[in-house]
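Open the model in your viewer and keep the selection panel at hand. The stops below go from one selection to the next.

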Amino acid sequence: MDIRQEVKAIEQEVIELRRDFHRHPELGFEEFRTAGIIRDYLGALNLDDVLTCSGTGTIGILRGGKPGKTVMMRADIDALPIQEESGEPFSSETPGVAHACGHDGHTAMLLGEAKIWAAHRDEIPGTLVFLFQPNEEDAGAQIMIDDGAIEMAGNPEAVFGCHLKHNFPFGTIAMVPGPMMASSYYFKVTIRGKGGHGGYPHLCISPISAASHVIASIDTFNSLEQNVFRPTVISIGKIHAGEKEIVIPDTLELEGSIRCLHFDHQHVHNRFREIVEKTCDLHRCTCDIELKCGNSLLANDERLFELARTTAEDLVGMEHVLTRDVAVMGGDDFAEFSNRIPGMYYFIGMGDPELGTDVPNHNSKFRLHEGSLAIGMEMQMNLVMNYLNR
Ligand SMILES: [Zn+2]
Ligand SMILES: [Zn+2]
């Protein structure tokens, strides 16, 4: 099979699919229309199985004509609660909801790939799994895994995924070995003191005063205790206390996130708890600390990275494969799969200032470079073929 030729032949169909998803975006776990289209499309390809998982999740399975390993490819399908202002003629028809993260493109690419693979099943030395995941923006992967997605997929030996990315120029592919997207944990700290009259602070215990020291201690930890080669960010996004200027409140709530682009997040969490608890104690307050996982660390398998890098170099040329300044403090729940199965995740560059496709994702003016869809399909298909033939 000539992958480039096959992708070219189907490119326009994939673009049309993507535009249709774009017109009709759906929020996490509400992707009913989208899932319906995915299932109808896969159903027409005569796959061995098309399974439903976690409501709007879909797993398509294609057994190739020759024995071999099982490879899973993942696309996310959800949109965001954003009012679209991209100016595209196929803009969202649903007020307040938009595909502003490019998942419409991811979904369309994987459908196109499935169609090509299905037409060439005799040539596949292994089994392919096409996984369409709901609600990437809020931890949908974990729910699919809890519902048995990996077992339903036949316990694949490798998992691949990608994201269309505005900040890398169109025509490039970006990737790193090891940590690529940070783990994120959300914290909520409730500081308890003793409220009372603002004129008699000595009779009260101010949680506001304690919090000011807690924040300063966190900032000191950020700047002085961190190994700068193991990036960590602790940021505070929300603080609430008090109702009236003459009253010292009983409690204060502080919320934020801890992000680590390394494996040693447990140490950071332990020190965070210690710093908050001891600082509160010093100021005669007590505290409760809740830590909730947002995303796990997304770290690429080193050997799959080498395979992906050479695959990308063959496809777009060595000078267009970027491996510096690629890792980010944002997250992707693809990590939940790649923590359990050796995984490889990469970015497909689509930035072009003239087309406005360099606007960041999650922005109302976000635009997708449709030329990057063919590159993304070719990249993943070549990677799968190279992996299975290895
Ligand atoms: Zn997103
Ligand atoms: Zn995304």
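Buried means under 20% relative accessible area, exposed over 50%, and partly exposed in between (1.4 Å probe, protein chains only). This is a predicted model, in which local features need pLDDT of at least 70 and side-chain atom pairs count only at pLDDT 80 or more, while totals for chains, interfaces and linings use all residues. Residues are numbered from 1 along each chain as its sequence is written, chains are lettered from A and ligands numbered from 1 in the order in which they are written, and side-chain values use heavy atoms, with hydrogens and water left out.

**Stop 1: Cys-101.** Select Cys-101, which is buried, at a relative accessible area of 4%. Cys-101 bridges the zinc ion (ligand 1) and the zinc ion (ligand 2), and these two ions lie 3.1 Å apart.

**Stop 2: ligand 1.** Which atoms coordinate the zinc ion (ligand 1)? They are Cys-101 (SG), Glu-137 (OE), Glu-137 (OE) and His-362 (NE2), at 2.0 to 2.7 Å. Donors are N, O and S atoms within 2.8 Å of the metal (3.2 Å for Na, K and Ca); water is not among the atoms, so sites may look incomplete. The four donor atoms subtend angles of 53 to 156°, so the arrangement is irregular. Four donors count as tetrahedral if all angles lie between 85 and 135 degrees; four count as square planar and six as octahedral if opposite donors are over 155 degrees apart and all others between 65 and 115; anything else is irregular. Along the sequence the donor residues have the spacing C-x35-E-x224-H.

**Stop 3: ligand 2.** The zinc ion (ligand 2) is coordinated by Cys-101 (SG), His-103 (NE2) and His-163 (NE2), at 2.1 to 2.3 Å. Cys-101 sits in the loop between S3 and H3, and His-163 in strand S5 (residues 158–169), 62 residues apart. Helices (H or I, at least four residues) and strands (E, at least two) are DSSP runs, numbered from the N terminus.

**Stop 4: H1 and H2.** Select residues 3–23 (H1) and 32–43 (H2), which pack at about 155° with axes 11 Å apart. Axes are lines fitted to C-alpha atoms, for helices over the stretch in contact, and angles run from 0 to 180 degrees between N-to-C directions. H1 and H2 are therefore roughly antiparallel (over 145 degrees; under 35 is roughly parallel, 65 to 115 roughly perpendicular, the rest oblique).
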